Amino acid sequence: MGNSETDDGGLWARSLDGEGEAFGLLYDRHHGRVYRHAYRLSPERHDAEDIMSAAFLELWRCRAKVRLVDGSILPWLLVTTTNVARNNRRAAFRYRKLLASLPRTQDLASANEDLFLQGKLDTDTARALATLNAVDQQLVSLVVFEDYTIAAAATVLNLSPAAAKSRMHRARERMKTALAGTPELAPAFEGDQR
């Protein structure tokens with residue numbers, strides 16, 4: 001039994017009633033995990049900060065549609081963070097594509113890649129994640145990186161537990177294949193190409 005004054009449900013209800021301090025307490029409680037999740041998805045520190053800020057902004061903007069899972073607002077924030085990171089990658093891809101179409105004298109492709117990826121592990125993990133579709137990427141993020149149960153992740157993603165388990169198995173196999181360096185898999189969508 002939780003405390004309606006300090007648990008996420010109580011703070012969220014107070015936030016919806018216009019108490020900014022309650023929203024601030026939710027931010028203080030979850031901003032660290034949301035930032036770490038954003039940093040995993042976009043290993044550039046400033047991009048991760050922007051993604052985290054956008055996720056909290058979306059929390060307020062979409063307040064009528066927000067659902068708590070097991071009394072916590074964190075799963076909703078993590079899924080939103082994943083979506084914001086994907087949107088940022090797509091925007092960066094479009095920007096790089098535009099830059100590549102401009103006449104120039106030297107190749108900037110490797111410099112652009114360095115801007116978005118740091119370290120071989122982050123690069124490999126990001127590349128393996130990019131082979132998954134949006135739902136599978138969110139599922140993996142919640143289960144593998146944030147230690148949610150498959151049932152809790154299924155709830156936030158509107159999947160049945162059996163479907164989530166099956167998707168999780170396929171996603172793990174696909175990521176293992178990508179991490180093993182076997183023939184490169186096609187990205188889930190054009191914006192994920194690096």
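So, α1 and α2: in α1, Asp8, Leu11, Trp12, Arg14 and Ser15 are in contact (heavy atoms within 4.5 Å) with Ala22, Phe23, Leu25, Leu26, Arg29 and His30 of α2. Sorted by type, the residues of that contact are 6 nonpolar, 2 polar and 3 charged. Here Ala, Val, Leu, Ile, Met, Phe, Trp, Tyr, Cys and Pro count as nonpolar, Asp, Glu, Lys and Arg as charged, and the others, Gly among them, as polar.

Quick note: this is a predicted model, where local features need pLDDT of at least 70 and side-chain atom pairs pLDDT 80 or more, while totals for chains, interfaces and linings use all residues. Numbering starts from 1 along each chain as its sequence is written, and side-chain values use heavy atoms, without hydrogens and water.

Okay, how do the axes of α1 and α2 cross? Residues 8-16 form α1 and residues 20-41 form α2; their axes come within 7 Å and cross at roughly 140°.

Zooming out, the protein chain has 9 helices and 0 strands; helices are DSSP runs (H or I) of at least four residues, strands (E) of at least two.

Now the inside. Leaving out residues up to four places away in sequence, Leu142 touches residues including Pro75, Leu78 and Tyr148.

Note on methods. Axes fitted to C-alpha atoms, helices over the stretch in contact; angles between N-to-C directions.
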